[in-house]
Amino acid sequence: MEGLANAVGHEDRHTPLKNYCKGLLLPGERKSIEPMAARLDAENVQPMRQSLHHLVAKAPWSDEILLEQVRNHVLPAMQKQGAVVAWIVDDTGFPKKGKHSVGVTRQYCGQVGKQENCRVAVSLSVATWSSSLPIAYRLYLPKEWAEDAERREKTEVPQAVEFQTKPAIALDQIRAAVAANLERGVVLADAAYGINTEFRDGLTELDLLYVVGVQSSMTVWEPGKQPLPAKTLGKMGRPPRLLQRTTDHQPVSVKQLAKSLPSTAFKEITWREAGERKLQSRFAVVRIRPSHRDYEKAKPRHEEWLLMEWPRGEKEPTKYWVSTLPPTTKLKALVKMAKHRWIIERDYEELKQELGLGHFEGRNWRGFHHHATLCIAAYGFLVAERNRFSPSACAGHLGFVVPMPAPHFRPRGSSRSA
């Protein structure tokens, strides 16, 4: 906590920061400011509330500096149990009523699995085989918000923040991680990011390997095929450079390719054991070349892996990935890495259910990010503590005592009796 307190700068913020993190870690159904204040100091709720609110919604400390401090504390503990194997890109949604909270619009929300009024944040996590930690976190600001000067002013969106797609935000986060010289891992992402050619090309430019989901409609050149070389039109003029296609020489969708494979191409693979149950399915893998707009290029794209999952009982394959892992990579290793993206589901489950990641009730840009940063700091403490034990160790029950609010406490605006 001392390191985190120093990271927020002014000494007046040190005690409120410690209180805020303590409030997040203590038991309690709601982790917004007022309920936390009631649990932290039942006799002086309003002064405590004001202190916590100023720290999160008003104080101008840097989220990046504090997350760097968290990372410096937690990553060494994680690495004692094993090396970093993956950098995981993901986003998470927060259902939200109204239209005045920063970034809220009707969009796809993973938490409810459909289009909903919500806001979405993009994150980058660093993972070993046994644990993971978010190291970057940023709100996705929809275009209608980015171009609305009045709403930007009311929610205090910094002038430097412009509209960016989610893959562009993620790529900026990855560039920052590369610049910080972190131990590198294979980049994992779902199809919302993997289908974006600029995102994949950006990873390759950074010398990062990836295993990313793609949609069934993605087109590729089948194994052993590639676009035709440029046509020679004659001796006059500049020689043509661009690759060619013909009516009978075209790429195919990954779904078409998967369905054209013999059933023997799909092997039963177990990638992890979950308690007494084995996680397994049928997979096939082939070497392909992505074909996106390669008719505008002079050279074919490099070969990559195409990994396909076709569970028993399904009418067609259900998931697809492309990967730049080495050509010598075994099928089981490829599957294990592709499936490792789901380790961060545990992070978000605990961040939301135990640490109140989605409980911040303010509307401004700074408060949204400050609250999330402190939630990640509290979660980082838990990750570091768990990694002090061997993976097979079983930590005992910590036995937290739940502090109760004062008998006369009533939240502001509550119609209920005290």
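## Close-up views of the predicted model

**Ser-291 touches Thr-219, Val-220, Trp-221, Arg-245 and Pro-251, when residues up to four places away in sequence are left aside.** Touching, or contact, here stands for heavy atoms within 4.5 Å. This is a predicted model, in which local features need pLDDT of at least 70 and side-chain atom pairs count only at pLDDT 80 or more, while totals for chains, interfaces and linings use all residues. Residues are numbered from 1 along each chain as its sequence is written, and side-chain values use heavy atoms, with hydrogens and water left out. Ser-291 belongs to the loop that runs between β10 (277–290) and β11 (304–309), where helices (H or I, at least four residues) and strands (E, at least two) are DSSP runs numbered from the N terminus. With a relative accessible area of 1%, Ser-291 is buried; the term buried applies under 20% relative accessible area, exposed over 50% and partly exposed in between, for a 1.4 Å probe and protein chains only. The side chains of Ser-291 and Thr-219 make a polar contact at 2.8 Å, that is, a pair of N or O atoms within 3.5 Å of which, within protein, one must be able to donate a hydrogen and the other to accept it, residues adjacent in sequence counting only if both atoms are side-chain atoms.

**Trp-271 is located in strand β9 (residues 267–274).** Because its relative accessibility is 18%, Trp-271 counts as buried. Beyond four places in sequence, the residues that Trp-271 touches are Leu-279, Gln-280, Ser-281, Phe-283, Val-335, Lys-336 and Lys-339. For one of these, Ser-281, the separation from Trp-271 is 10 residues in sequence and 8.7 Å in space, taken from C-alpha to C-alpha.

**Helix α2 (residues 14–25) has 12 residues and an end-to-end C-alpha distance of 17 Å.** At 1.5 Å a residue the helix should span 16 Å, so the two values agree; the expected span is 1.5 Å times one less than the number of residues. The buried residues of α2 are His-14, Pro-16, Leu-17, Asn-19, Tyr-20, Cys-21, Gly-23 and Leu-24, and among the elements that cover them are α1 (2–7), α3 (33–40), α4, α5 (63–79) and α14 (365–386).

**Helix α3 is largely enclosed by the rest of the structure, because seven of its eight residues are buried.** These residues are Ile-33, Glu-34, Met-36, Ala-37, Ala-38, Arg-39 and Leu-40, and their cover includes α2 and α4. Arg-49 has its place in α4 (residues 45–58) and, at 15% relative accessibility, counts as buried.

The rule pairs rings of Phe, Tyr and Trp (its six-membered ring) if their centres lie within 6.5 Å, with planes under 30 degrees apart called stacked, over 60 edge-to-face and the rest tilted, and it gives a count of seven aromatic pairs. Elsewhere, ring pairs join Phe-94, Tyr-137 and Phe-368 into a cluster.

**The charged end of Arg-151 sits over the ring of Trp-145, at 4.1 Å from the ring centre.** Arg-287 likewise lies over the face of Trp-305, with a distance of 4.8 Å to the ring centre. A charge counts as sitting over a ring if NZ of Lys or CZ of Arg is within 6 Å of the ring centre and within 35 degrees of the ring normal.

**Asn-181 has a positive phi of about 60° although it is not a glycine.** Most residues other than glycine have a negative phi. Asn-181 is in the loop between α8 (166–179) and β5 (186–189), and counts as exposed at 69% relative accessibility. Asp-207, again not a glycine, has a positive phi of about 60°; this residue is in the loop between α10 (197–205) and β6 (210–214) and is exposed, with a relative accessible area of 66%.

**Over residues 393–399, pLDDT stays under 50.** pLDDT is the predictor's confidence in each residue, from 0 to 100. For this segment the model has one contact beyond four places in sequence, whereas the protein averages a pLDDT of 89, with 91% of the residues scoring at least 70.
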